[in-house]
Amino acid sequence: MSGQTPKSSTIDTVLEEQRVFNPPERIKETAHIRSYEEYKELYDYSIKEPEAFWAKQAELVDWIKPFKKVYEGDLVEGEHKWYLGGKLNVSANCIDRHINTWRKNKAAIIWQGEKRDETRVLTYNELYNQVCRVANTLKKWGVNKGDRVALYMPMIPELAITMLACSRIGAIHNVVFGGFSADSLRDRINDSGARILITADAGFRRGAYIPLKDNADKALEGCPGVHTCIVVKHTGADINFWTQRDKWWHHEINSPDISSVCPPEAMDSEDPLFILYTSGSTGKPKGVMHTTGGYLVYTSLTMKYIFDLKEEDTFWCTADSGWITGHSYVIYGPLALGATTLMYEGLHNYPNPDRLWQVIEKYRVSIFYTAPTIIRGLMKEDEEWVKKHDLSSLRLLGTVGEPINPEAWVWYHKVVGNEKCAIVDTYWQTETGGVIITPLPGAIPTKPGSAAMPFFGIEPAIVDSNGEECDSKDGGSLIIKRPWPGLMRGVYNAPDRFRETYLTMYPGNYFTGDGARVDEDGYYWLLGRVDDVLNVSGHRLSTAEIESALVSHNKVAEAAVVGYPHDIKGEGIYAYVLLKNNAKASSELRAQLGQHVRKVIGPVASPDKIHIVEQLPKTRSGKIMRRILRKIASGEFEQLGDTSTLSNPESVDELIKTREE
Ligand code: WT7
């Protein structure tokens, strides 16, 4: 823990922000919730009568067997359970219940590939057929209820199909983002105990291949438990194929013994639905576990009210499904509500900076959800890239992943939204299952840079380092005082880790790891992480993990990694590296170290700056003074604070002199 000082670069601009935007009239007229009073009344009810509130919201979901009790448990022990005794199936909620209605031949998933002419549309009915076939294929290869299935795939429909197929038979999916390396994939497979991996030959990125199958081959060398690897032929890239272990997806699912009917398994509300690994303050990623009933109710409810989703909407969330955003708001949320969800494989600025706008125009997207880093990247470009497209189909714009600086918010509002769209800055985490602090588009006026107010059932507070609630202008730590259905149930394979990591810092409360403050109108302003977690382009990384990757290089003795403000990425990665005695600093070695981190963790974790140093500033007890390293990396030399307790104060001047610009 590095103290309670949030380190976000947006903090200064955010603290000066005064503008307020009322919900656009056209949104107010049709939104699910149309006034602040309506929000407030339902919010107060959700807090005073949680049992009645959550029982009612469960009607959004089709139950095979009704639940007997709404919830039990608390945040002291950390065991909380929702919709006890209820039975349901997530894939049946996302598919089967739509095919008995007019929606059967409606587009469920529209897929746009990186190449313009590569598109596919899956109707709900087609999705049903494919999900059943894949579910039966998984069964054929030995996957049973409760087994884990690892996925390492590009953003293609087969990823959604596999996730839904797992949920259909009660298998637990573990999706690993394609930007992670073979080593990271191996560790996540082994920790989850998956015995089967679904991947693709490769993915596309700027016209080149991301070698998914090659990485998978390397990973599987260290995964003795995996007996089967199913490979989607996506790019046609040359790959190695071991017929003993590897199976082609298209052969398997079209095999004559595979039926296109697979009855959904009746799952208990508290049966696990998926595991998703995420980074914390320590070196080892955590397998965050979500279960069936609570997660589905919570994603459906947030989808409906925060994105004001109607079944006629075409919803586009640009997140990769290797992250939680892609689980909750590319796949489960939109499909549970019977909307059309768009999946896009490419990058936001390839081949040109108008790629997103061109796709919105092409499919007449009505709700668009992306990350501040992408908005910042695109707002540097000429406005003509946006203006040349007809974006009049848009009604609502969302952001997620990091605090949005007011300049980017206003650009999004004016240039992309043409001042006619509602904007929702949605705050949440892998652990929270769905959005927890947010405006409601027809009800809550927005302030650029503020994620506004708690969603129904969420009771946040800001506390100081003693755990006392505080309303200081400088903010404090953001905690949530009671559980809700979407909150993670545990860390896979580590029964005590949920309580230890999240619930002991402020006993009985969930600690988010973020700093925040509340203004006089009750608006929450997120101020960045207060722990050693970095947020680079909306990707969550742990400094400890990058450090341990660096130290695993044979020339590195010690490493300290910090974040620094980065115009586009939000935060950049600055690594201080101390070499072993026999090693010599050189630009080749720096490049090698960058490569090494890419190999160990993946391209997402590649340091922006590597500073080879003679010594690191340490306290007399030998602890690295990260506060000082952060200031130096950020170029804030004036505010280094007290350096007198260092055992080697001279190291500071040396670091400033040799700093990487
Ligand atoms: C961390 C969670 C689930 C969203 C995708 C990232 C930061 C997320 C916001 C926001 C300020 C935000 C927090 C949080 N964050 N959304 N709207 N405003 N900060 O999920 O990888 O679990 O990261 O992202 O720091 O703790 P994640």
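Let me start with a question: is Lys-447 buried or exposed? Lys-447 is buried, because its relative accessible area is 8%. Here buried means under 20% relative accessible area, exposed means over 50%, and partly exposed lies in between, with a 1.4 Å probe and protein chains only.

A word on the source. This is a predicted model, in which local features need pLDDT of at least 70, side-chain atom pairs count only at pLDDT 80 or more, and totals for chains, interfaces and linings use all residues. Residues are numbered from 1 along each chain as its sequence is written, and side-chain values use heavy atoms, with hydrogens and water left out.

Lys-447 has a partner. Asp-519 forms a salt bridge with Lys-447, and their closest N and O atoms are 2.8 Å apart. A salt bridge is a side-chain nitrogen of Lys or Arg within 4 Å of a carboxyl oxygen of Asp or Glu. This pair links distant parts of the chain, 72 residues apart: Asp-519 is in the loop between E26 and strand E27 (524-529), and Lys-447 is in the loop between strand E21 (437-438) and strand E22 (453-454). Helices (H or I, at least four residues) and strands (E, at least two) are DSSP runs, numbered from the N terminus. Asp-519 also counts as buried, because its relative accessibility is 9%.

By this rule there are 38 salt bridges. One of them joins Arg-245 to Asp-217, with the closest N and O atoms 2.8 Å apart. Arg-245 sits in the loop between strand E11 (228-232) and strand E12 (246-248), while Asp-217 belongs to helix H9 (residues 212-221), 28 residues away. Both Arg-245 and Asp-217 are buried.

A further salt bridge brings together the side chains of Lys-618 and Glu-558, at 2.8 Å from N to O. Glu-558 lies in strand E30 (residues 556-566), and Lys-618 in the loop between strand E32 (609-613) and helix H20 (626-634). Why does Glu-558 count as partly exposed? Glu-558 does so because its relative accessibility is 23%.

Finally, let us turn to helix H16. How many of the 11 residues in H16 (residues 406-416) are buried? Nine of them are, and the helix is mostly covered. The buried residues include Trp-409, Trp-411 and Tyr-412. After H16 comes Asn-418, whose phi is positive, near 55 degrees. Thank you for your attention.
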